[in-house]
Amino acid sequence: MSRRNRPSTSARVKVVTISFPSTQGVLLAGGLARRMGGGDKPMRTIGGRTILERVIARLSPQCSGLILNANGDPARFAAFGLQVVADDVPGFPGPLAGILAALDWTAANQPEVEWVLSAAGDCPFLPRDLVARLHEERLAANAELAVAASDGQSHPVIGLWRVGLRDELRHALVVEDLRKIDRWTARYPLATVTWPTEPLDPFFNANTVEDIAEAERLAALDAAP
């Protein structure tokens, strides 16, 4: 066989592509930030960029779209170009209300999308393979939900949610007055995916003024553009 007709090396290599369903992302920023004296934690600056800018940069390539869950005047987030979706369960019931708002918004505006990824708006170093690995483990475990973990700790606010569960979630929130995410996830087959914490924990979140100082140090270790 001549060299010209010989199969190329690239033709003989099996390329495996990991694909996952279109996934709508929601950044949860509806909290009251009491430990930081109030205000919007994602608007704090570390390494010359707001935390929210860093979160958007990490998740935009992984999701089919991003929305922001926040309460109050949405105009304060106008510079980020994201649709702002408020809780429709009164009384600041916590992140489950933001997840529900995202599920409802996705059902109404992206009816072809079956999955929502939630992430805390104050986690500036989220993994670049977050959505892919959560879906991969969810499928492998035949689970209904998937959440992230690191250093022996689950991070249930960062996870995958099936849009079709939104009515059950609304019932839990409104009728049962359920507030804790792990109590909700315990009702379903759950996949937990663990990430390494070196050189930094990708789920570090800035809850206090002291955390902002630590985030400045970690930003120097982070390879985000």
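Predicted model: local features only at pLDDT ≥ 70, side-chain atom pairs only at ≥ 80, totals over all residues.
Residues are numbered from 1 along each chain as its sequence is written, and side-chain values use heavy atoms, with hydrogens and water left out.

**The protein as a whole**

- The protein has seven helices and nine strands, where helices (H or I, at least four residues) and strands (E, at least two) are DSSP runs numbered from the N terminus.
- Of its 225 residues, 46% count as buried.
- The protein exposes about 11500 Å², of which carbon and sulfur atoms supply 51%; accessible areas come from the Shrake-Rupley method with a 1.4 Å probe, and for residues only the protein chains shown count as cover.
- Among contacts (heavy atoms within 4.5 Å) between residues at least 6 apart in sequence, 70% join residues at least 24 apart.

**The sheet**

- Strands of a sheet pair through backbone hydrogen bonds, either parallel or antiparallel.
- Seven strands form an open sheet with mixed pairing, in the order S5-S4-S1-S6-S8-S7-S9; two strands pair if DSSP finds at least two bridges between them.
- The edge strands are S5 (83-85) and S9, each of which pairs on one side only.
- Neighbouring strands of this sheet are turned by 30° against each other on average, with direction ignored; axes are lines fitted to C-alpha atoms, for helices over the stretch in contact, and angles run from 0 to 180 degrees between N-to-C directions.

**Strand S1 and its partners**

- S1 covers residues 23-28 and runs parallel to S6, to which six bridges join it.
- Within this pairing, Gly 25 stands opposite Leu 117 in S6, and Val 26 stands opposite Ser 118 in S6.
- S1 also runs parallel to S4, with five bridges joining the two strands, and Gln 24 stands opposite Gly 65 in S4.
- Thr 23, Gly 25 and Leu 27 point one way from S1, whereas Gln 24, Val 26 and Leu 28 point the other way, and all are buried.

**The antiparallel pairings of S8**

- Four bridges join S6 to S8, which run antiparallel, and Val 116 stands opposite Trp 161 in S8.
- Five bridges join S7 to S8, which also run antiparallel, and Val 147 has Gly 159 in S8 as its bridge partner.
- S7 and S8 form a hairpin with two residues between them, and Asp 151 in the turn has a positive phi of about 50°.

**Helices that lie across the sheet strands**

- Helix H2 (residues 51-59) lies across S1, S4 (65-69) and S6, and runs at about 165° to S1.
- Because seven of the nine residues of H2 are buried, this helix is largely enclosed by the rest of the structure; the buried residues include Arg 54 and Arg 58.
- Helix H4 lies across S1, S6, S7 (145-150), S8 (153-162) and S9, and runs at about 140° to S9.

- Leaving aside its neighbours within four places in sequence, Asp 129 is in contact with Gln 62 and Trp 195.
- The C-alpha atoms of Asp 129 and Arg 58 are separated by 9.3 Å, although these residues are 71 residues apart along the chain.
- A search of the whole structure finds three aromatic pairs; rings of Phe, Tyr and Trp (its six-membered ring) pair if their centres lie within 6.5 Å, and planes under 30 degrees apart count as stacked, over 60 as edge-to-face and the rest as tilted.
- One of these pairs is formed by Phe 125 and Phe 204, whose ring centres are 6.3 Å apart and whose planes are at 40°, so the pair is tilted.
- This pair links distant parts of the chain, since Phe 125 is in the loop between S6 and H4 and Phe 204 is in the loop between S9 (190-195) and H7 (209-219), 79 residues apart.
- Both Phe 125 and Phe 204 are buried.
- Arg 133 lies over the face of Trp 195, at 4.5 Å from the ring centre; a charge sits over a ring if NZ of Lys or CZ of Arg is within 6 Å of the ring centre and within 35 degrees of the ring normal.

Methods
Buried < 20%, exposed > 50% of the residue type's maximum accessible area, 1.4 Å probe, protein only.
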